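The following briefing looks at one residue and at one interface. Please read it alongside the sequence and the structure.

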Amino acid sequence: MATVPVGTALPTASPHPDRALDTRPSVRRRRWSRRRAANAVYWGACAAALAGVAAPVVWVLAGVVNSGLRDWHWSVLTTQTVGTGGGLLNAIAGTLVIVVGVAVIVGIVGIAGGIYLAEFCPEGRGGLLRGGSEILSGAPSIVLGYVGYVTLVVRFHWGFSLAAALAVLSVMVVPYVVKATEVSLRSVPTAYRDGSEALGMPSGYALRRVVLRPALPGIVTGLIVAMAIAVGETAPLLYTAGWSNNLPTAHLFHAPIAYLTYPVWTFYNQPYASAHRLAAVAALLLVVLALLMIVVSRIIVAVTQRHSETSSAPH
Amino acid sequence: MTVPVASPGRPVPPAPDGRGPSGPRWDAAPGVIRPRHDTEGMVRWGTRLAALLPGAALVGLAVALLIEALPAIRGNGFGFFTRTTWDPGNFYNPPVVVNGVARPDGASYGAFPLIVGTLASSTIAMVIAVPVAFGTAMIVVHKLPRRLSNTVGMLLEMLAGIPSVVFGLWAALTLGPFLAHHVSPFISRTMPDVPVLRFFKGPVGSGEGLLTSGLVLAVMVVPIIASTTRDLLRQVPRGTQEGAVALGMTDLEVVRSVSIPWVRTGVIGACVLGLGRALGETMAVAMASGTVLGTVPRNVYSTFGSMAGVIVSQLDSALTDATGFAVETLAYLGLVLLAMSLLANIGARLLVRRASTTALPVGRGI
C-alpha cells in the first residue's frame, strides 16, 4: 500500500490542480453560489425531462380515449366490418385468436428455451443461443413481415392465413419469453435445486415441482408482455394475415384473418367518416387491451412480491 | 442414488408445494428402489431444441432475405446506395434485361434518400431521447420517493406498451398538425442562418416530416434508455457517492465524477440499442413521415421516406411488377435495414456485456 507523505495535497476535483485555490471569503462565497446554481439548473433540467416523459403518455392516451369515445358505438362490438364501415367484431375476434395462438406457441417454445438456458446449458456455453434470441428481438418488424410474406405466404403456398401470422408473430415475441423465463429461473436460489437433489428427486420432477414454482410469476409476466406486443403489432401481420370482413374460421391455411391494427393503419387516411370512426375506435381498443395486459402483469408482480415478503418475514 | 424410505406407519411428508401427497409421487413405493426414469435426457434435449429456435429463426430470416434480394443486388448494384431515383418503370412495355436480371423498362431504384431519411429521423430522435431519458432516470433514482418512482416506472412501461400504430395515428392526426400550426413556424422564423441550425429554417409543411417522426421516435425510444439507465444508476455504490458528498460536492458534481463514469458504458449500450429500434421502427414513421420517394429531405420539416416505412407502404404496389424486380428491390432495402439494426443490437450488447452487470432489455425494454 502506497503511503502518502504528510503535507501532500489531496487530489481535488479542481480543473486546475496546479493553480492554488483562491480561499478569500468573497471568492469562496461566489464560487459556492455558482456551484449551487449549477446544481439547481441540473435538477430543474431533470424535472423537465421527467415532464417530457409524462406529457406524451398523457397526451397520447387522452387523445386516443377522447377520439375513440367520441366515435364509440356499441354496435362496433357486435357487427362485422363492411368495406370501410360497420363494426369491428371480426377484428376483435381475430386479434384474440391470434394472441391466444401466439401465447400457446411462445409459451411452449419460449419457456422451454428459457429453461434450457437457465438450467441445463453449461456455464458460459449459452452465449450464442442467448445472443441469437436477444438479437432476434432487434430485427425490424417489417423485415419479419416481408420474409413471412415471401416465404410462408408465397413460396410455401400458405396464402394469407392464421398460420403465417402466428409463425411471424411468434418469432417476433419469443425472445421476451425466453428472457423472462431465464431471468426468473436464475433468481430461484440454488438451495432449492440442491435440496431436491438431496431428497433424491429426478431433476425433471424437481424442476416441475420445486424450481419452476417460484419462477412462475416472472414467466407469466413475460408471457403477458409478449401477448401485449402481439396485440399491437401491425407490420408483421399486414402481409401474412391479410384482412377479412368475416369472423375467424377454423382453417389454419388459405383463410385471411382480421386484426385490430389493420383498420388504424388502413382507414385513418381514407376519405370516409366511417373509416375514421373505425380507426379511432380500433386505436382505443388496442390501447385498452395493451394497457390491461400491462396492468395485469404489474398486479402479478406486486401480489407475488407481497407474498414473498410476508412469508420470509419472521413471525 | 437411492429413494428415501418411508416406514408404513409414518405419515407421508407433504409435497413441496404444501398441498399434501397428490399427483405422481417420486417416493410412491416405500422401500422399493425405483429405477430412475431417464426423463431428464428428454427434457434436456427438448428444451435445447427450443432454445435453438430463436437463433435459427434469425439465421433463417437473414438467409431468406438474402436469397430474395440477390437478383436485386445484381440488378441494382452498389449504385443503389447513391442514386436518388425511385422509378418502378413502365409496366406496359416489354421488360428489359440489365446485368442478367429482368426489370420493367426504365426501372431505376436508389436508396440514398431513404437511408438519409432513416438516419436523420433517428438522429433527431436520439438527440431528444437521450437527455430526456437520462434526466428521468436520474430524478427517479435520486429524488423521487419510492411510490412516485414506481409510478414513473409504470409510465415507462405504458410508453413501451402503446402499439406503434397508435403512436403513428397520434403523430399523423395530433402531433404533426400541432407542430405545423403552433411550433414550427416560430422555430423557422427565429432560427439563425448558421450551419446545422439552418435545417430548422424554410417552409414548415403540413406536419408530416422529419421533426414529427423524430419526436414520435424519441417517445418510443425513451423507455429503453430510461429503464436501463435507472437500473444502472441504482447499482452505483452508495459509499462512493456518500464519500463524494462528504468531500463537499454538490449533487451535480457527484453525478459527474461518480455516477456518470460508473454507468457510462451501459448507458451508451442502451442508447445504441434505442438507435437500433428507431432505425427499424415501421408503422409510426410510415404514418408520420409522409413517405415520399426519390427526394432527399431539405430541412427538418420536409416529408421523407424511411426504409421500413417504404417497405410497408410500397410492397402492395411492388407486387404489380410482373418481373418481380420491385419486390426483390424491397428485399434489398430490407437487407440493408436488417444489417443496420442488427449491427446496432450486436454492438450494444457486446459493449454492455464487457462492462456491466445489468443486461440490456430485450426489444422494447419492458
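Predicted model: local features only at pLDDT ≥ 70, side-chain atom pairs only at ≥ 80, totals over all residues.

**One residue and one interface**

B:S184 is buried, because its relative accessible area of 3% falls under the 20% limit.

**Surroundings of B:S184**

- B:S184 belongs to helix α4 of chain B, which covers residues 164-190.
- When neighbours within four places in sequence are left aside, the residues in contact with B:S184 are B:L179, B:V204, B:L211 and B:Y301.

**Extent of the interface**

- Chain A contributes 86 residues to the contact, and chain B contributes 101 residues.
- About 8100 Å² is buried between chain A and chain B, and carbon and sulfur atoms give 74% of that area.
- Of the area that chain A buries against chain B, 9% is supplied by A:W43, A:W59 and A:Y146, which is more than any other three residues supply.

**Polar and charged pairs across the interface**

- Between chain A and chain B there are 4 salt bridges.
- A salt bridge joins the side chains of A:R35 and B:E253, with an N to O distance of 2.8 Å.
- Residue pairs in polar contact between chain A and chain B number 14, counted with both residues at pLDDT 80 or more.

**Make-up of the side of chain A**

- Helix α1 of chain A (residues 25-70) provides 19 residues, the largest share of the side of chain A that touches chain B.
- By residue class, that side of chain A consists of 61 nonpolar, 14 polar and 11 charged residues.

Conventions. Residues numbered from 1 in each chain as written. Chains lettered and ligands numbered in written order. Heavy atoms only, no water. Helix = DSSP H or I, 4+ residues; strand = E, 2+ residues; numbered from the N terminus. Buried < 20%, exposed > 50% of the residue type's maximum accessible area, 1.4 Å probe, protein only. Contact = heavy atoms within 4.5 Å. Buried area = accessible area lost by both parts, 1.4 Å probe. Polar contact = N/O pair within 3.5 Å; in protein donor to acceptor, adjacent residues only side chain to side chain. Nonpolar A, V, L, I, M, F, W, Y, C, P; charged D, E, K, R; others polar.
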